[in-house]
Amino acid sequence: MESEKDFKLVGREKEKEEIIDQLILLRRGGNEANPPVPVIIIAGLAGIGKTKLALHVCQDENVKQHVGLPALVSGTNCNSFDADSIAKQVIESAVPGTASSRNRIVILDDWRVEIGDQDVKALQLKLKKARLCVTAIMITTRSCLVAKNIAASPVKSYDLPGLNEEESASLFEKTGRRGADDNSSNTKITEQCRGVPGAIMTMAKWLQSSRSQQLTEFTEKLKDSYYDEGLPQLCFTYCSLFPQDYLFDAERLNHLWMAEGFLNHSNPSTSLGSEPDPEETGRGYLKELVGRSIFQVVEEDEFGKVRSCRMHPLMHDIARFVAPRENITVDPNGDKVHQQVQRASFDLSLLGFERGIPAPLFDKAKQLRSILFFSKTRSRRLRLLFLVSSRLLV
């Protein structure tokens, strides 16, 4: 079995070559005395391969020779852009005596704080005093919004998709399952990982182990890797009631959150003394979920406002795993219904009108307050019926 350090980049060769070409082109084209620092953003879910891609780019010999050496700064625990602290870490990473030791590609890894032109300039000045030159900034982040305030520098964004079936199988085998099972078995396993490299590697390592870990422990570990407690949790877990790959209408989803009372809490961004607008709060939550690549935008209006989106399949799995017991997807017999159920969803194509709503929902779920019904139209699109507090929204 290959070690993690020996892995070739799987499924990211195109992005790697594009980023290398961009860096070298921008570096060679910088004829000004103080050329703007190019900013490369690599965005996507946790475990999608952002940091690995950035490091593979910086290990390229042409990048080392013509652009500079990497200096990685972790942003996991950063609450603001501290140019002094970042410059100190970059300076400490300098390798004396190398041909490109003055030039640095600063990698802000797992960055979660917005940065702007002034932050880039401040870092340039700090490093210039130490006789170092920032030739490029690479940001790996779960949110593509972190660099939205950069205008003076050329910015190129890469939103990493999941691996395809062939790439997933290749990574799965390299991680430790080569020749272990037949291809159909491996394919079924990797399908559960939704093309996310981190999840594929975690699953392969678990299967390679002595199986002392129970599956629930493995799932818990996977949840800890991908689920952020800072998410708007009620809104996030509410989406577990919807079918996988469901096309959300943004305004409808916002109204559903409002009807459930999820948006009646104070919003930290609201100015002191003013009443929070629930609808704006909901739009902010959706923007955050999109920004973290949990939702993938399908359609935007002319102002960049999200009209429709889909939840990433892996995040849908996580939402179902962490959802409170009050939220359930009801099976045809109602076997999962219990006394604490407050929200239930049905697939009418499985349930069938002739069978009716399972009796346990009326007998046991005395706290039930909302029901979601899903049915396929003639065009095979899912239609939603929503019942809350005796009001039906169609």
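**The aromatic cluster and its surroundings**

Analyst: Tyr 238, Phe 242, Tyr 246, Phe 248, Phe 262, Phe 295 and Phe 374 form one aromatic cluster. Before we go further, please keep in mind that this is a predicted model: local features need pLDDT of at least 70, side-chain atom pairs count only at pLDDT 80 or more, and totals for chains, interfaces and linings use all residues. Residues are numbered from 1 along each chain as its sequence is written, and side-chain values use heavy atoms, with hydrogens and water left out.

Let us begin with the rings. Rings of Phe, Tyr and Trp (for Trp, its six-membered ring) pair if their centres lie within 6.5 Å; planes under 30 degrees apart count as stacked, over 60 as edge-to-face and the rest as tilted. Ten aromatic pairs turn up when the whole structure is searched. In one of them, Phe 242 and Phe 248 have ring centres 4.8 Å apart and planes at 55°, so this pair is tilted. Tyr 246 and Phe 248 have ring centres 5.1 Å apart, and with their planes at 80° the pair is edge-to-face.

Phe 248 has a relative accessible area of 3%. Tyr 246 counts as buried too, because its relative accessibility is 10%. As background, 44% of the 394 residues of the protein chain count as buried.

Contact means heavy atoms within 4.5 Å. Leaving aside neighbours within four places in sequence, Ser 308 is in contact with Leu 247, Phe 248, Ala 250, Val 297, Val 298 and Glu 299. Ser 308 sits in strand S8 (residues 306-311); helices (H or I, at least four residues) and strands (E, at least two) are DSSP runs, numbered from the N terminus. Ser 308 is buried, with a relative accessible area of 9%.

Phe 242 has a contact of its own to show you. Arg 320 touches Ser 240, Phe 242, Pro 243 and Thr 329, not counting residues up to four places away in sequence. Arg 320 and Phe 242 are 78 residues apart along the chain, yet their C-alpha atoms are separated by 9.8 Å. Arg 320 belongs to helix H13 (residues 313-322) and is partly exposed, with a relative accessible area of 40%. Across the protein chain, residues 24 or more positions apart account for 71% of the contacts with a separation of 6 or more.

The axes of helix H11 (residues 250-260) and helix H12 (residues 278-291) come within 9 Å and cross at roughly 120°. Axes are lines fitted to C-alpha atoms, for helices over the stretch in contact, and angles run from 0 to 180 degrees between N-to-C directions. H11 and H12 are therefore oblique to each other: angles under 35 degrees count as roughly parallel, over 145 as roughly antiparallel, 65 to 115 as roughly perpendicular and the rest as oblique. The residues making this contact include Ala 250, Leu 253 and Trp 257 of H11 and Gly 282, Tyr 285 and Leu 289 of H12.

How values were computed:
Buried means under 20% relative accessible area, exposed over 50%, partly exposed in between (1.4 Å probe, protein chains only).
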